[in-house]
Structures are given as C-alpha cells and as structure tokens.
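Q: I'm new to this one and would like to learn how to read it. Could you walk me through a few features?

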Amino acid sequence: MTATGAPRRPLPDRDGTPGTPGVPGPPPARAGAAAARRPRRYGRVLVYLALAAGALPTLLPFVWLVRSSLMQDAQMFVAPPEWVPSPFRWSNFTEALTAQPFALYFLNTVIIAVVSVLGTVITCSIAAFSFSRLRWRGRDAVFAVLLSAVMLPYAVTLIPTFVMWQELGALDTFVPLTVPSWFAGAGGGVFNVFLLRQFFLTIPFELDEAAYIDGASPGRVLWTVVLPLSRPAIVVVTIFTFIGTWNDFLGPLLYLNDESRYTLSLGLASFQSVYITQWGYLMAASAAVIAPIIALFFFLQRYFIEGVTLTGIKN
C-alpha cells in the first residue's frame, strides 16, 4: 500500500512485463525455447524406445548364439531357457578352434578378402570416376548397359563361368575367387560402381577444373582430389566387399577341393557335418567366424552410415 492507501503496482521485470516486485522474470525467448525443447526431448526418448524394441528381435539370435557357445549341451535346451551360462564353458572356443585347422582357414579367407577388396576399390573407383567426372561419347548408354547387368541372375552365368575357369586350369586355386574383383562390374561390382559414381557426383566440379588448370591429369585428379573427399563411400564399398567375400560359401564350394585351401565358410560347414551333435563346439566356432565382421562394422559404422546417407546428394 502507498501512503495514500492505493495498492502498489508490481514492478516491471527487465523485459517490461509486470511480475513479482523486484524479481526479474525469465526472458520470453529463453522460456519459449525451453518449452519447445521439452516435447522434442520426449519425442526423442520415444524414438529411442521404439528403435530398441525393434532391435531386440534382431539381436535375439545373436544373443542365443553367444550364450550357447558358453554352455554345455545339456544346458542349452532346458525349458524355460537359461540365458546366463552356469558355469561359463570357455573351453568350447579353444576345443572347437583346434579340432580343425581354423587358423589356416582364417588365413585363406583373409588373403581372398584383402585381394578382393583392393581390386574392387581400385577398379570400381576408376570406372565410377570415368562415368561421373569425364565426358566421352556414349558414356550414359554404356552406364545404362552396365546397370542392366544387375538384373542378370547369378545362376545364369554360373555354369559358363565355371567352364571358363576349368578350361584355364584355375580350379582349386584362389584365382576364380579374386581375379573377377579386378574387373569393375564383375563379381557384384556393378553396385559398387553405381554407389561410387553417385557419391563422386556430389563433389563440386570446380575442384577438378582448378586441378586441370594447374596441369593435373585425370588420374592425378582422381588420386588427389576425388578419392580423399570420397572416404565414406570408399569405406562403404570396402565393408560390402569384405563382408561378401568373408561370408561367401558358394564360390569356395565350387572352385576349392583341397582342404588346405578351405575358407572359413567351408571349414565351418565341414565342421558342422563332423561335430553336428557337439552344439557347444558348433556355436563357439560360428561365433568366432562372425566376430571379425561385427568388429569391422563397429569401428567403421560412422563412415558406413555417412557414405550411404550422402550418396546421391549433389553439391
């Protein structure tokens, strides 16, 4: 109350609005931003919960594989199922991996995978650079014909390809499993050429023109300008090729006869036929075979997602 008996008006806040006497109110902009963030935060939590619920069915087989690899055979099929091994049987891994020469199978698979990855990345990058950054007559028509090869079933060329390698005397060697990767478009390389071409198109052409003005050749532009800026796409092609080679079963089954040249997929199949009742050994060997793939994706997932999401976005 004032001296005249009139009620005192509340003092204005710093923003000019009346409030509690002497206590400044929150700025309207800051208060509005905080209020807008709350629904966004709740929506993000709901999205994460939905993603986690969707991931559980896909993770369940892997969890079952890991828990079974650490159990005794009698404990695996108990009803209701037990998810925690008791006790942990770590010897399943050592006994399974020493029952057959998995170290030799691992070395063979690594050799095939590394050679295939190098061939695919090099040749597909050159082909994609030609289709995306160079101008030559009939380029789009040739690229359309190349893409049409994607619609050709693998079984159609299976017998002619086998006869060709048989005539060349390349059976029971790594040649049929590695040489096709050094020809862009062979062995599933059409998709890799398409992916790299789409990514190369996102790079500004002004960088190429500046390099050409400085006297660079097309090969120099590819090596010093395009490839360093296309690291995510290169990593995606590397991951796809490595996973496809690592998990390939039909190719080694067709061309490899000597057990000393078996890959992990063939070794695991032969192990399954011999130790079909030893479920602990079989699960442990299967977990050891897929472990490198999981580790590869775990360390390179950032480049993988970036390469896939940026492909096809121009400038």
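Q: Are H4 and H13 roughly parallel or roughly antiparallel to each other?

A: Keep in mind that this is a predicted model. The general idea is to look at the angle between the two N-to-C directions, where over 145 degrees counts as roughly antiparallel. Here helix H4 (residues 102-133) packs against helix H13 (residues 264-274) at an angle of about 150 degrees, so H4 and H13 are roughly antiparallel. Their axes lie 8 Å apart.

Q: Which residues in H4 and H13 meet?

A: From H4 come Phe102, Tyr105, Phe106 and Thr109, and they meet Leu264, Gly267, Leu268 and Phe271 of H13. Sorted by class, that contact has six nonpolar residues, two polar ones and no charged ones.

Q: Which residues touch the most other members of the largest nonpolar core?

A: Those are Leu196, Val226, Phe242 and Phe271, out of 47 residues in that core. H4 gives the largest share, 11 residues. Phe271 is also in contact with residues including Ala96, Gln100, Tyr281 and Ala285, leaving aside neighbours within four places in sequence.

Q: Is serine 116 buried or exposed?

A: For this you check the relative accessible area, and under 20% means buried. Serine 116 has 3%, so serine 116 is buried. This serine lies in helix H4.

Q: What does the side chain of serine 116 reach?

A: That side chain reaches the backbone oxygen of isoleucine 112, at 2.8 Å. Not counting residues up to four places away in sequence, serine 116 touches Leu177, Thr178, Ser181, Thr241 and Thr245.

How values were computed. Residues numbered from 1 in each chain as written. Predicted model: local features only at pLDDT ≥ 70, side-chain atom pairs only at ≥ 80, totals over all residues. Heavy atoms only, no water. Axes fitted to C-alpha atoms, helices over the stretch in contact; angles between N-to-C directions. Helix = DSSP H or I, 4+ residues; strand = E, 2+ residues; numbered from the N terminus. Parallel < 35°, antiparallel > 145°, perpendicular 65-115°, else oblique. Contact = heavy atoms within 4.5 Å. Nonpolar A, V, L, I, M, F, W, Y, C, P; charged D, E, K, R; others polar. Buried < 20%, exposed > 50% of the residue type's maximum accessible area, 1.4 Å probe, protein only. Polar contact = N/O pair within 3.5 Å; in protein donor to acceptor, adjacent residues only side chain to side chain. Core = buried A, V, L, I, M, F, W, Y, C linked by side-chain atoms within 4.5 Å.
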